[in-house]
Amino acid sequence: MSASSSTSRSASPRRRYAIVGLGSRHALYQDGIENVHAATAELVGLCDVNAGRIELARQRSARNGAVVPAGYLAADFETMLRAHRPDVVIVTSVDATHHEYIIRAMDAGCDVITEKPMTTDAEKTRAILAAKQRTGRGLRVAFNYRYSPPRSQVKDLLMSGVIGDVLSVDFQWLLNTHHGADYFRRWHAEKKNSGGLFVHKSTHHFDLVNWWLAAVPVAVFATGKREFYTPEMARRLGLSGPHERCQTCPEKAKCGFYLNLEGSAGLNSLYAAHEAHDGYLRDRCVFRPEIDIEDTMNAMVTYDTGATLSYSLNTFNAWEGYVVAFNGTKGRLEHSIVESVYVNGTESVQGGVAEDGVKIRVVPLRGTGYDLKPWSAAGDHGGGDRLMLEDIFLPTPAVDKYLRAADERAGACSILVGIAANRSLQTGAQVRVADLVGTVPRPDYPPMPSRRDPVPMP
Ligand SMILES: NC(=O)c1ccc[n+]([C@@H]2O[C@H](COP(=O)([O-])OP(=O)(O)OC[C@H]3O[C@@H](n4cnc5c(N)ncnc54)[C@H](O)[C@@H]3O)[C@@H](O)[C@H]2O)c1
């Protein structure tokens, strides 16, 4: 499939972008290019396995008042690159396919921006790192969580040395039965697509810890299980058992996990209307037996700085958000966020914060703790998405003292914690990250308090 648009590089000073993977997430980039950043960016190609979503994205360009880009099926990815010669390919496809497009785009001379996770296993990680070395092209991993103002504020506080150097971290992430359950309906529910939530979801969290601490992970021990999104739980909840999907479910009226695909304009137009093209069902039963990802996960991680992390991810909780605490040589920094309800592809705001939902507190080793007013901004992911787009698309982005732009080194350091955790689940043993890919490349981090700094007597 292809449709006409310009086929050669124009004299325009705008950077040329193509997007592969045209589901829910891609719209952030398409709208960024065609609206706010239209003066410096242009979209020249669209690619997906699903012809219906290609057409939908082309209609989106028309609505944005932009030149409608050519659309290509995934099999014609290289044809798209040859015909439209994008400077940058943006990868927003299913996680386990990222490496294919990252590597093929870099080999074709393009820079790449990929959504998280950079990829899903050690072999694909090695292939991406080799392609980066071979081609020298730019590869950026879109870690939008770093740009969320309170998380940047935490980075600022840690850099300031207010709690000294960090010796350990406790980090709990909670997903509720709206957003958390949604991973069990979609492609994410199979490890072959997503790497499981230790990779797909925790990549955000492990990246935050790596970046907050300016550290590289060394070893991981993990436990995990699926005990809530199971056929047994369906029966304990009073259902006769799991069914195929919500749309045809005989027990939809009494199931608290029923997703009304056709009742949501967003879900209907993006997924239900295009099932015929690829057979992808967006509303599969969260209790079906074929699911092979965990719903409850714990990991203990050690870092090259000597710091340790105790981490948990739970997907069926009463509220959504997180609690993180940094234990430093001069005190403790506590930060928590309670998020509002979100379901991917609907009109709800991802990472939207409940009223008074953000807390940041510094507690000196001795003396009284104090709360700080959290930094804030409007928009998805607590304003992080908009700030990240500015960093990506502005021709000369503002100098960033937090070094939030992440490349393949940070992409690898983050997923390797999850990949090591997955291996630890299989073996029951601690896994050394270097055993997965050799020497782990050290990302660029701003200077931080160090283990060599003198510590005042409390
Ligand atoms: N940074 C964030 O906060 C954030 C939020 C949501 C999603 N994401 C990431 O964005 C990516 C897309 O997620 P989504 O929510 O849009 O999922 P989605 O299911 O809505 O969209 C995925 C798209 O990829 C297409 N696709 C599947 N296989 C393909 C292939 N082989 N080649 C090309 N296209 C293919 C599908 O047809 C679909 O259009 C994922 O990697 C996800 O982790 C990141």
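This is a predicted model: local features need pLDDT of at least 70, side-chain atom pairs count only at pLDDT 80 or more; totals for chains, interfaces and linings use all residues.
1. A residue is called buried when its relative accessible area is under 20%.

2. Strand E11 covers residues 320–328, and seven of its nine residues are buried.

3. Which strands pair with E11? One is strand E7 (residues 166–176), which pairs with E11 in the antiparallel sense over eight bridges. Within this pairing, Trp173 has Tyr322 of E11 as its bridge partner. Another is strand E12 (residues 331–339), which is antiparallel to E11 and joined to it by eight bridges. Here the bridge partner of Asn327 is Arg332 in E12. E11 and E12 form a hairpin, with two residues lying between the strands.

4. A further set of pairings involves strand E8 (residues 217–225). E8 pairs with strand E9 (residues 296–303) over eight bridges in the antiparallel sense. E8 is also joined to strand E16 (residues 431–432) by two bridges, again antiparallel. Ala219 illustrates both pairings: it stands opposite Thr302 in E9 and opposite Arg432 in E16. As background, side chains in a regular strand alternate between the two faces of the sheet.

5. The model also contains an open sheet of seven strands, in the order E3-E2-E1-E4-E5-E6-E15, with mixed pairing. Why is one side of E3 and of E15 left without a neighbour in the sheet? Strand E3 (70–73) and strand E15 (406–407) stand at the edges, and each has a single partner strand, so one side of each has no neighbour in the sheet.

6. Inside this order, strand E4 (residues 88–91) and strand E5 (residues 111–115) run parallel and are joined by four bridges. Val89 has Val112 in E5 as its bridge partner. Helix H3 (residues 77–84) packs on the sheet, where it touches strand E1 (15–20), strand E2 (41–48), E3 and E4. The direction of H3 makes about 155 degrees with that of E3.

7. Helix H14 (residues 384–393) lies across E1, E2, E4, E5 and strand E6 (139–142). H14 runs at about 170 degrees to E6. Is H14 largely enclosed or largely open? Seven of its ten residues are buried, so H14 is largely enclosed by the rest of the structure. The buried residues are Gly384, Asp385, Met388, Leu389, Asp391, Ile392 and Phe393.

8. A search of the whole structure finds three cavities of 30 Å³ or more. The largest cavity has a volume of about 110 Å³. Its lining comprises 14 residues, of which Cys246, Cys249, Cys255, Cys285 and Phe287 are the closest to the centre. By class, the lining of the largest cavity has nine nonpolar, two polar and three charged residues.

Conventions:
Residues are numbered from 1 along each chain as its sequence is written. Side-chain values use heavy atoms; hydrogens and water are left out. Buried means under 20% relative accessible area, exposed over 50%, partly exposed in between (1.4 Å probe, protein chains only). Two strands pair if DSSP finds at least two bridges between them. Contact means heavy atoms within 4.5 Å. Axes are lines fitted to C-alpha atoms, for helices over the stretch in contact, and angles run from 0 to 180 degrees between N-to-C directions. On a 1 Å grid over the protein atoms alone, a cavity is a set of points where a 1.4 Å probe fits but cannot get out, and a pocket is an open set with protein on both sides within 12 Å along at least five of seven lines; lining residues have an atom within 4 Å of a point. Grid points are joined across faces, edges and corners, and a volume is the space filled by probe spheres set on the points. Ala, Val, Leu, Ile, Met, Phe, Trp, Tyr, Cys and Pro count as nonpolar, Asp, Glu, Lys and Arg as charged, and the others, Gly among them, as polar.
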